[in-house]
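Q: Can we go through this model together? I'd like the ligand site, then some packing.

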Amino acid sequence: MQGQMMNRPLLISGLLEYAEQVYPNSEIVSRQVEGGIHRYTYTDAGKRCRQLANALTKLGVEQGDRIGTLAWNTNRHYELYMGVSGMGAITHTVNPRLFPEQISYIINHAEDRLLFVDLTFVPLLEPLADQLTTLQGIVVMTDRAHMPESSLEGLLCYEELLDAESDDYDWPTFSEESAAALCYTSGTTGNPKGVLYSHRSTILHAQAICQPQAINISCDSTILPVVPMFHVCAWGSPYAATLTGAKMVFPGPQMDGPSLHELIETEKVTLALGVPTIWMGLLAYMDEIGKTLDSVESVVVGGAAAPVSMIQKFQETHDIFLIHAWGMTETSPLGTISSCSREMKSMPLAERYPLQQKQGRPIYGVSLKIVDDDGVELARDGVAFGRLLITGPWVAESYFREDHPENFIDGWFDTGDVATIDPQGYMQIVDRRKDVIKSGGEWISSIELENAALGHPAVAESCVIGVAHKKWDERPILLIVKKLGEAISQDDMIEFLTGKVAKWWLPDAVVFVDELPHTATGKLLKMTLREEYQSYLLDR
Ligand code: AMP
């Protein structure tokens, strides 16, 4: 027997309508690409989203069309999130940090019809224009006064498009399974793969992440998504903010320590989200000026492992709880979250930090399991480690226009991560499967070694890779970027690590470098380093 409840589709336009009606005065604040701060309310945003939908209709956009964005976190990008998806088209966020050939590949693969671009990225687009075969127009996200000189022909002006339109528009109703947004992975091998989120998956994910035991977003929150809107939809935070009426603060193109601090202080940010490297910059700046981040209650750190030194610094200097989260482009992204649980509250800090370092427990909706290479499920004892699989309503079922059956097994997505799960449900990432170091048949976690090295006060960034070794097949070497003006030797580092990791994990060499290569989403580009240092230990 069927239930008899209404089957009202979960649509992104519904989020915006809700915020307009229930939190009309809640603010959205943005640092603008042209300079200065822009401030308006959900009411104003709603009007502009409807103007945008009218403008898109006039430009011939239809439901299902892909509309590309090359843009920072600003109110205009937010309007595209809501307006494009709201009318039934698909917001395709393109990561401007990808290589130019990947950018053109993605735009062509998605068959983007229009591209909305921030001023910053117009020069990036100019040499690519000839290759972008599906684009029918490029809109610069600025006003007439700031329109750039450009070799690109027929550029449209965002503010002019909106000004010409009425804010009267009825959001259409369609299936909640329709695609809402498209985001490509920044894979280090092969072409980027597209993940196509639906309205339903986006809203279920947004609802789930707001929960207190997740990242705890409410109408009292002031959230600062530093994680880019071109990286897995800023972890879904703009949608979550809208459904709770939270105040939103967008950092625009400026994500350096001083700019973030200024926004946090003037807007009284309570919750900030970003990858570890962003927080390293901010924490170093705060140390320099000798101030604390007083309004912030928690920061969400994901995308890469949060080092224990960072968890400790936030807690002990700033009284901020670091919520460690794990996810992927394919998982919308949030899969697990390590929020401040009942047991954590009663633990001494020294006991709490190792637990906080785990990537956390799955949020209701997703399920995890770890399996061996034959697909046999492994024990949830916190010790056994294996391939991490995930399933749930905001996990990809397939890639956009590409077949990769190897990633999707019997309704589970194989994450490519290796992890443990403990009896309380906490998952801990051991490594990416391709980054794990296999030394004499035993495994060494590059992540754990990197985190231990980061605890040294002279270390700005660390990276551990496995390189060829005559006797053990592979051994770890540690690459270090020193903090400015700091001195440290290989022997100092090995001594520092001794006792923090198993003796046989200690790196065979410590190499000091000026910088480390990163992917477009800020992760260490270990593949390049492995190629460069492949015979480092053999040649010595
Ligand atoms: P992306 O699809 O670019 O968001 O990258 C997803 C990958 O980032 C995951 O498969 C993990 O390998 C890594 N990752 C994300 N969050 C964490 C975390 N908290 N700790 C360790 N690795 C992480």
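Q: How far is the polar side-chain atom of H231 from an oxygen atom of the ligand?
A: The distance is 3.2 Å in this predicted model. A polar contact here is a pair of N or O atoms within 3.5 Å; within protein, one must be able to donate a hydrogen and the other to accept it, and residues adjacent in sequence count only if both atoms are side-chain atoms.

Q: And D417?
A: A polar side-chain atom of D417 lies 2.7 Å from a ligand oxygen atom. For R432, a side-chain N or O atom is 2.7 Å from an oxygen atom of the ligand.

Q: Which residues around the ligand come nearest?
A: A325, T329, Q359, D417 and R432, out of 15 around it. A residue is near if one of its heavy atoms lies within 4 Å of the molecule or strand.

Q: Switching to helices. At what angle do α1 and α3 pack?
A: About 125°, with the axes 7 Å apart. α1 covers residues 12-22 and α3 covers 75-86. Helices (H or I, at least four residues) and strands (E, at least two) are DSSP runs, numbered from the N terminus. Axes are lines fitted to C-alpha atoms, for helices over the stretch in contact, and angles run from 0 to 180 degrees between N-to-C directions.

Q: What does that make α1 relative to α3?
A: Oblique. Under 35 degrees is roughly parallel, over 145 roughly antiparallel, 65 to 115 roughly perpendicular, and the rest oblique.

Q: Which residues make the contact?
A: I12, S13 and L16 from α1 meet Y78, Y81, M82, S85 and G86 from α3. Contact means heavy atoms within 4.5 Å.

Q: How do α3 and α9 cross?
A: At roughly 75°, their axes coming within 11 Å. The two are therefore roughly perpendicular. Y78, Y81 and M82 of α3 touch P238, Y239 and T242 of α9.

Q: Now the sheet. What is the strand order?
A: β24-β25-β26, an open sheet with mixed pairing. Strands pair if DSSP finds at least two bridges between them. β24 (459-469) and β26 (509-512) each have a single partner strand, so one side of each lacks a neighbour in the sheet.

Q: How many bridges join β25 to β26?
A: Four, and those strands run parallel. I480 stands opposite F512 of β26.

Conventions:
Residues are numbered from 1 along each chain as its sequence is written. This is a predicted model: local features need pLDDT of at least 70, side-chain atom pairs count only at pLDDT 80 or more; totals for chains, interfaces and linings use all residues. Side-chain values use heavy atoms; hydrogens and water are left out.
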